Amino acid sequence: MTPFDVLVIGELNIDIILDDIQGFPEIGKEIMANQLNLTLGSSSAIFASNLSALGVSVAIVGLLGEDSFADSVKKSLRDKKVNTDFVVSSDRYSTGLTIVMNYGMDRANVTFPGAMEHLTVEDITDQMLLSCKHMHLSSIFLQKGIKKQAVQLFERAKSLGLTTSMDPQWDPAENWELDLGSLLPNLDVWMPNVVEFKNITGVPELTDGLEKIKEYANYVVIKDGINGAHLWDNGNLTSKPAFINNEVADCIGAGDSFDAGFISEFVKGSGLNRCLEVGNVMGAINTLEPGGTTSFKNREYIKKIAKEKFEFTL
Ligand SMILES: Nc1ncnc2c1ncn2[C@@H]1O[C@H](COP(=O)(O)OP(=O)(O)OP(=O)(O)O)[C@@H](O)[C@H]1O
Ligand SMILES: [Mg+2]
């Protein structure tokens, strides 16, 4: 029996969040922030944490430095019952971090990628893959060491009998280079948002983009914010509306929570329509409270919120 349902391959970092700041930083001057929060950052960590909160057994592999931020990342993951035995540490790099400066609804971020760019496919052993049923890769453009050999990684996962998924996330360099022809045949579920999908396929219309990849794509799930999400399955496009939420705190991590909801059902073998609905409800629940993980305490709590706020049975 495989000990874990899902192996997440992901970038790991710490978010240092400064709130209530007295103006914008200026060169040569010092200003004060009245609030500081140190939290687990990264799309992969939000996905892994929320998937675990839904009751799925999750292990994560990522690269950290050997510093106190690394300890803090691992502790936060363990608090969410995400297994960190496969997390690799290296004294050659510092743990990645993002400094977030919040100004009302707007924000300025500075990221130091550090170790998260240096995880490679060699760090992911067959033994790790064989201990899981499903492999999920997030933020491929941030994980430069993985991106170089991503095709080989997905081929290996498939040949070892795993199902696979990937959320590409944003490309900060905006080059959007992905070898879709080689990647998609080994990907069971590709999960970009609508803007990422258009940029990566290089066409402005969703339907044209899907036409372009139809020869080699399996399932494509396209997240579309308040419009919900679309599913492409062997030439058929199905759209499901978002759950209306009039109490949005913020949308940080909504896409990762959607992914967690979708994959939690996919690994159980649920129908794709159910996967899509659970994805949408998890995205909506995410927006009820600030940050990407606050709403997701445990399965019972998530179930209760889904029913009370969105009349949805989980
Ligand atoms: N304001 C909202 N109200 C209700 N549901 C929402 C809202 N925003 C997002 N969602 C849900 O969350 C899902 C994912 O959101 P979105 O499309 O913004 O993903 P994303 O762009 O990948 O997000 P992220 O920035 O987290 O990567 C949507 O498909 C939708 O179901
Ligand atoms: Mg996203």
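Reader: How many nonpolar, polar and charged residues does the shell around ligand 1 have?

Author: The shell has 7 nonpolar, 9 polar and 3 charged residues. Ala, Val, Leu, Ile, Met, Phe, Trp, Tyr, Cys and Pro count as nonpolar, Asp, Glu, Lys and Arg as charged, the others, Gly among them, as polar. This is a predicted model: local features need pLDDT of at least 70, side-chain atom pairs pLDDT 80 or more, while totals for chains, interfaces and linings use all residues. Residues are numbered from 1 along each chain as its sequence is written, chains are lettered from A and ligands numbered from 1 in the order written, and side-chain values use heavy atoms, without hydrogens and water.

Reader: Which element gives the largest share of the shell?

Author: Helices are DSSP runs (H or I, at least four residues), numbered from the N terminus. Helix α9 gives 4 residues, the largest share.

Reader: How are F258 and F262 paired?

Author: A pair of aromatic rings is described by the distance of the centres and the angle of the planes. Rings of Phe, Tyr and Trp (its six-membered ring) pair with centres within 6.5 Å; planes under 30 degrees apart count as stacked, over 60 as edge-to-face, the rest as tilted. F258 and F262 are stacked, at 6.3 Å and 25°. Both lie in α9, 4 residues apart.

Technical notes:
Helices (H or I, at least four residues) and strands (E, at least two) are DSSP runs, numbered from the N terminus.
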